[in-house]
Each structure stands twice: as structure tokens, then as C-alpha cells.
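User: Hi! Could you walk me through this model, starting with the contacts and then the ligand site?
Analyst: Happy to, here it is.

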Amino acid sequence: MTFSRAIKIAPSILSADFANFGAECRAIEAQGADWVHVDVMDGHFVPNITFGPSTCAAIRPHIKGVMDVHLMIAPVDPYIEAFAAAGADVISAHLEAGPHIHRTLQAIRATGKKAGLAINPGTGIDAVGDLLDMVDLICVMTVNPGFGGQKFIHSQVDKVRRLRAMIGDRPVHIEIDGGVTVETAPLVVAAGADVLVAGSAVFKGGSVANPTAYGANIMAIRNAAKAALPKA
Ligand code: DX5
Ligand code: ZN
């Protein structure tokens, strides 16, 4: 994975057909997805349960590009190896998931995978400053984690702007996760984000049988995002 701040659209399979993940991953990639965002939830750190390492391993052969695994679990450390072995390219852990985030990020990087740090809407970015050399990506949650289709939390846009300034020219992505649509994508890109997770806004109106809707949705978000990029 060479670093580039070019806009990337990362559909979240939380909004996909859970009975057909392999075909859904192939469909969104064929329709223009840059990354595939995989939302792992344990019913403890967040009030929902999705899937674990075995599902990630099962969908890996159906993803040509980046498998971006978002761990909404606590504790994280006992499961890092399993998600790395399942084929994750990026493994993101929540700052709020435990008392030793620095050790968690070390453990993720020790597997050779990219390390992501996810922060909830209620978490400030002060602690992030001391972790910028330990991460390849910061995932700014723009909803409270656990479900797709929630309303974007606009107060997080200023957090993105401050985070972008903090990162400087380090090769660290800013990923936005939750409520990304053609309306909200420009706000976060103008503030400095480069990876846009979108579940409901990508999967709405489409299916494996009708994947062109996925492509149209991805294109609409990408175009709205690009229009907000600072003019070169
Ligand atoms: C929420 C997940 C998000 C979610 C995004 O806990 O981390 O990735 O699936 O879904 P939308 O784009 O519908 O808000
Ligand atoms: Zn997510």
C-alpha cells in the first residue's frame, strides 16, 4: 500500500446483504470502490454484533484491493493476530477500547499490517498527538458506532480540520466513518479527510443483481468530494 492522499471511497459491508458477502464485495469493487470497509462488532464495545475473523477470512478472496477492518471490540489485543491472518490490510482499533492503545498499535504493526486508530465523537484528539508515529490512519467516527444509516454528527468536521493540521505531512490517512453522503462528503474533504467510509449511501437502491446503483452512488460521493478539494 503506497501512501497517497487521493480520495478513496470505502463502502462498509455493514449495509450489504449478510447472506451474500462475497458477491457484494466483488460487486462494489467492480463498481468503483477503492477499499472495502469491514465493521467488526462484539456487542460489548458497541451495542451490536456482526462477525469475526472467520468472516473476514471468507471474504478475503473476494476483495482485490484493501480490506479495511474496523474493530469495534474490547479487548482488542487477543484478536489482532486472527484478523491479520484473515487477510486484513488495515486494522483499526478504538482509542476507547482499552487502557493500552500504544501497545495495541505496536501489536498491529508487528503483524506487518497498517495500524488505524479510531476515535468516537466524544473523544478529543489531544491523545492522538502522541500516537501519530504509531499509526497509518486515523478513523474519525462521525456517528456513535454500532449501526449504519445514522445521522452525521456535524461537530466532528472541526475535529477533522484540527487533526489534519496536527498530522502535517506525515503519511497518515484521515478516514471518516458514519453518515457519509453526497451532502456530507464535501464537508470532511474540505477539512482534510481522504478516506470516506459509506454504507447506506453506497448500498441504497442496489443489489448484487443490480450493482449499477452501487456504481452511481460511489461516483456521486466521489464527485461531491472532489469538488471540495482545495484548488491546486
Ligand atoms: C458504524 C460503522 C460504520 C457504518 C457506516 O459503527 O463503523 O462504518 O457502517 O454506515 P453509514 O455510512 O450508513 O453511516
Ligand atoms: Zn466502520
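**Contacts and the ligand site**

Analyst: Let's start with H70, whose side chain makes a polar contact of 3.0 Å with the side chain of D177. A polar contact here is a pair of N or O atoms within 3.5 Å; within protein, one must be able to donate a hydrogen and the other to accept it, and residues adjacent in sequence count only if both atoms are side-chain atoms. Before we go on, this is a predicted model, where local features need pLDDT of at least 70, side-chain atom pairs count only at pLDDT 80 or more, and totals for chains, interfaces and linings use all residues. Residues are numbered from 1 along each chain as its sequence is written, chains are lettered from A and ligands numbered from 1 in the order in which they are written, and side-chain values use heavy atoms, with hydrogens and water left out.

User: Now the ligand. Which residues come nearest to ligand 1?
Analyst: D39, G146, D177, G199 and S200 come nearest, out of 20 residues around ligand 1. Being near means that one of the residue's heavy atoms lies within 4 Å.

User: Which strand gives the most to the shell?
Analyst: Strand 2, with three residues. Strand 2 (35-41), strand 3 and strand 8 (195-198) each supply at least two.

User: What about polar atoms close to the ligand's oxygen atoms?
Analyst: A polar side-chain atom of S200 lies 2.5 Å from an oxygen atom of ligand 1. On the backbone side, a polar atom of G146 is 2.7 Å from a ligand oxygen, and an N or O atom of G149 lies 2.8 Å from one.

User: How much of the accessible area of ligand 1 does the protein cover?
Analyst: 100% of the 380 Å² that ligand 1 has on its own. These areas come from the Shrake-Rupley method with a 1.4 Å probe; for residues, only the protein chains shown count as cover.

User: And what kind of space does ligand 1 take?
Analyst: The largest cavity. A cavity is a set of points, on a 1 Å grid over the protein atoms alone, where a 1.4 Å probe fits but cannot get out. A molecule sits in one if more than half of its atoms lie within 2 Å of its grid points.

User: Changing topic: what does the side chain of T50 reach?
Analyst: The backbone oxygen of D39, at 2.8 Å. A polar atom of the T50 side chain also lies 2.8 Å from the backbone nitrogen of M41. T50 is in the loop between strand 2 and helix 2 (53-59), and it counts as buried because its relative accessibility is 16%.

User: Where is the cis peptide bond?
Analyst: From A74 to P75, with omega near -5 degrees. Most peptide bonds are trans. P75 has its place in the loop between strand 3 and helix 3 (80-85).

User: Last one: is E183 buried or exposed?
Analyst: Exposed, because its relative accessibility is 57%. E183 is found in the loop between strand 7 (173-177) and helix 6 (185-191). Its side chain joins that of T181 in a polar contact of 3.0 Å. E183 and A224 are 41 residues apart in sequence, with 7.6 Å between their C-alpha atoms.

Conventions
On a 1 Å grid over the protein atoms alone, a cavity is a set of points where a 1.4 Å probe fits but cannot get out, and a pocket is an open set with protein on both sides within 12 Å along at least five of seven lines; lining residues have an atom within 4 Å of a point. Helices (H or I, at least four residues) and strands (E, at least two) are DSSP runs, numbered from the N terminus. Buried means under 20% relative accessible area, exposed over 50%, partly exposed in between (1.4 Å probe, protein chains only).
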